Amino acid sequence: MHSLALLKELIPFPSVSSTSNTEVSQWVEHQLKILGCQTEWLEYQDENGVRKACVAGRKGPDTGRGLAYFCHTDVVPVDSWSFAGSGPWSPCQTDDRLYGRGSCDMKGSLACMLAAVASLEAESLKEPVYIFCTADEEIGLKGAGRVVADSAMYREVVSRQSRAVVGEPTLLEVVHAHKGGRAMKITSIGRAAHSSTGRGINANFAMIPFLADVRQLCLDIEDDPAWQDDRYTPPTINLNLGINDHSPAMNITAAKSICTIYFRTMPGINADALAERIHESAKRHGLQLETIFATEPLFTDPDSSYVRELLAITGTPASRTVPYGTDGSCFQEIRDIVVLGPGDIRQAHTDDEWIALDQLERGTDLYTTLIRRWCLD
């Protein structure tokens with residue numbers, strides 16, 4: 001198996017998070033069985049009744065620490081696509097790139113790991129290698145939560161404290177920490193009517209004082225070191241605000257106004273206090289508040305023997321942090337865990353998503369090296 005060929009098979013699965021990922025998961029399960037893995041299938045229905053699946057595999061003996069690899073099979077939607085060579089679900093290879101939705105984030109990484117395991121097929125593993133593929137990473141790490149709750153193989157990894165890699169795109173540089181996140185939806189309810197009658201209740205007006213509170217909150221924390229961590233770039237929580245009243249016409253009073261808030265958490269930051277302040281403001285103004293998800297930051301000591309060993313293997317002088325989040329937020333029970341994968345995060349979620357062919361080659365080589373070091377030697 002070659003990572004490029006595998007990725008060309010993975011991209012055509014339109015596994016957008018709002019749809020079922022069972023077809024791509026069945027493909028992954030089939031590949032794991034071809035590689036001689038014992039497999040585990042975890043299926044569930046999301047809040048909209050859509051079937052989702054996480055799949056895991058273990059190759060090698062049922063003993064020892066080994067290596068655990070984590071990825072996700074869902075991708076972000078394609079609202080626009082600017083690459084003229086092909087559509088988002090039709091992989092297109094140029095001299096140095098492969099285009100297609102998910103090529104970078106993160107089906108390319110999965111292809112590298114599958115190819116790495118395949119390259120060692122004839123060799124006898126002394127310790128296990130695990131591969132976990134989750135659903136719904138892009139919309140709140142819901143599949144990873146299912147793995148933590150229901151996966152017997154994940155319990156094995158935790159009990160053995162396997163060395164762990166989350167294969168998100170890092171240009172194959174070692175990432176020892178990333179931010180977590182909190183997402184909330186705040187709803188104001190009004191009554192629709194023709195604005196000339198005076199009979200409507202505009203939901204936006206009830207939202208305005210809440211938005212003023214959020215603006216003041218942003219001002220309060222903007223220059224306060226208590227809400228910053230210089231180990232990250234940017235060092236702030238990056239509170240983001242979205243507003244939509246879904247009003248069909250300008251002469252109809254808005255029956256509903258929705259505000260979304262998303263901020264990124266870091267170690268030592270009191271995210272609960274910030275969330276409570278938002279909750280109190282919503283309650284004071286008579287608004288409904290729903291927590292969409294709450295994930296914790298990932299942090300592994302950059303001076304740990306695990307990180308130092310990976311730096312030596314990759315030939316890089318230091319590990320780093322990133323401002324985005326991964327499924328790793330859910331895997332806090334694992335002591336030795338980093339983010340390490342092929343591709344550039346700047347290409348993720350773009351309307352011409354691609355991964356460099358060189359990254360696929362180097363990613364396969366690196367994952368092969370890790371398996372040889374921790375599962376063969």
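How are H1 and H3 oriented to each other? They are oblique. Their packing angle is about 130°, and angles count as roughly antiparallel only over 145 and as roughly perpendicular from 65 to 115, so this pair falls in the oblique class. The model is predicted. Helix H3 (residues 103–119) packs with H1, and the axis of H3 also comes within 8 Å of the axis of H9.

**H1 with H3**
- Helix H1 covers residues 3–10, and its axis lies 8 Å apart from that of H3.
- The two helices cross in a right-handed sense.
- H1 contributes Ser-3, Leu-6, Leu-7 and Leu-10 to the contact.
- From H3 come Ser-103, Lys-107, Gly-108, Leu-110, Ala-111, Cys-112, Leu-114 and Ala-115.
- The class count for this contact is eight nonpolar, three polar and one charged residues.

**H3 with H9**
- Helix H9 spans residues 357–376 and crosses H3 at roughly 50°.
- That angle makes H3 oblique to H9.
- The crossing of H3 with H9 is right-handed.
- On the H3 side, the contact uses Gly-108, Ser-109, Cys-112, Met-113, Ala-115, Ala-116, Val-117 and Ser-119.
- H9 supplies Gln-359, Leu-360, Gly-363, Thr-364, Tyr-367, Thr-368 and Ile-371.
- By class, the residues of this contact are eight nonpolar, seven polar and no charged.

**H3 residues in both contacts**
- Gly-108, Cys-112 and Ala-115 of H3 take part in the contact with H1 and in the contact with H9.

Key:
Residues are numbered from 1 along each chain as its sequence is written. This is a predicted model: local features need pLDDT of at least 70, side-chain atom pairs count only at pLDDT 80 or more; totals for chains, interfaces and linings use all residues. Side-chain values use heavy atoms; hydrogens and water are left out. Axes are lines fitted to C-alpha atoms, for helices over the stretch in contact, and angles run from 0 to 180 degrees between N-to-C directions. Helices (H or I, at least four residues) and strands (E, at least two) are DSSP runs, numbered from the N terminus. Angles under 35 degrees count as roughly parallel, over 145 as roughly antiparallel, 65 to 115 as roughly perpendicular and the rest as oblique. A crossing is left-handed if the near helix is turned anticlockwise from the far one by less than a right angle, and right-handed if clockwise. Contact means heavy atoms within 4.5 Å. Ala, Val, Leu, Ile, Met, Phe, Trp, Tyr, Cys and Pro count as nonpolar, Asp, Glu, Lys and Arg as charged, and the others, Gly among them, as polar.
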